[in-house]
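Here are my notes on the model, as numbered points. Have the structure open while you read.

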Amino acid sequence: MRVKYNIERIKSIIDDFCNITDMSISVSDTKYNTIYSHLTNRDTFCEKIQNTNVGRMKCHHSDRHMLERCATEKCPVSHVCHAGVLDTVVPILKNGFVAGYIMLGRVRLEKNPSEITNLLSWAEDPAEIVEHYKNLTYLSDTQLSAIIHLISHILFENAVEIDYDEFINYATDYIENNLSADLSVTNLCKAFNVSKNILYKKFDTVYGCTVNEY
């Protein structure tokens, strides 16, 4: 499966979205490599944390854990990171395939500053870092849910595409290499992470037969 990213469209969408919401947003490919990232001027809190080796390592592990959960669950995943910041990863779903990830990050919670200070006990001067926490964007649950809905279902309609010719090659290779396995349509759909309609349509378009006939 080959995913095509319209970089200019992605940049335009993300920049406009960040300017409206005052959030930091980044887009990653299926291997978690960053395609584009827009950071706001409110990000001094995270910048201070990532200036240290310990903070940078904690941020990396936190982001990686969220991305891996999102890849497995194929739905938006949110968590509060090691520094008390709310991050969310949204999968870019195209006809059942995860074609990339959108990370909505660095959102402030309604926490007492002393709680954040305790989380940063590893830092040399946690009190100084916490002062920057107040600058982070705050969103209600309703606002965050609305943003997730918009960005996952509307904004990437034409920014990310899947090359299905490569998919059909992958599907037939899989079938031919697993002839002794249970190759029911249900199991194939699970293996390819695709709906029955898409599976039948691709085989009909390319081979003029159903997947069962193939």
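1. E73 is partly exposed, at a relative accessible area of 40% (that class sits between buried, under 20%, and exposed, over 50%, with a 1.4 Å probe and protein chains only). Its salt-bridge partner is R69, with the closest N and O atoms 3.3 Å apart; a salt bridge here is a side-chain nitrogen of Lys or Arg within 4 Å of a carboxyl oxygen of Asp or Glu. R69 is partly exposed too, with a relative accessible area of 31%. Both E73 and R69 belong to helix α3, four residues apart, or about one turn of the helix.

2. Before going on, a word on provenance: this is a predicted model, where local features need pLDDT of at least 70 and side-chain atom pairs count only at pLDDT 80 or more, while totals for chains, interfaces and linings use all residues. Residues are numbered from 1 along each chain as its sequence is written, and side-chain values use heavy atoms, leaving out hydrogens and water.

3. Which residue pairs with E68 in a salt bridge? It's R64, and the closest N and O atoms are 3.1 Å apart. E68 and R64 are four residues apart in helix α3 (residues 53–73), so about one helical turn separates them. E68 is partly exposed at 37% relative accessibility, and R64 is partly exposed at 36%.

4. Another salt bridge joins E131 to K134, with the closest N and O atoms 3.5 Å apart. E131 is partly exposed at 47% relative accessibility, and K134 is partly exposed at 48%. Side chains of opposite charge can pair when their charged atoms come close. Searching the whole structure gives five salt bridges.

5. On to the inside. The largest nonpolar core has 55 residues, and the members touching the most others are I14, I25, F45, L104, L120, F156 and L199. (A nonpolar core is a set of buried Ala, Val, Leu, Ile, Met, Phe, Trp, Tyr and Cys residues joined through side-chain atoms within 4.5 Å.) Apart from that core lies another one, of nine residues, including L67, V77, V98 and Y101.

6. What does I14 contact, leaving aside neighbours within four places in sequence? The list is I25, V27, Y36, H38, I151 and F156, with contact meaning heavy atoms within 4.5 Å.

7. T21 is worth a click. This residue is in helix α1 (residues 7–21) and is buried, with a relative accessible area of 16%. A polar atom of the T21 side chain lies 2.9 Å from the backbone oxygen of F17. Beyond its neighbours within four places in sequence, T21 is in contact with T137 and I147.

8. V206 is part of helix α9 (residues 196–207) and is partly exposed, with a relative accessible area of 38%.

9. Now the whole chain: nine helices and eight strands, taken as DSSP runs (H or I, at least four residues; E, at least two) numbered from the N terminus. Of its 214 residues, 43% count as buried. Among contacts with a separation of 6 or more, 60% come from residues 24 or more positions apart.

Methods: Polar contact = N/O pair within 3.5 Å; in protein donor to acceptor, adjacent residues only side chain to side chain.
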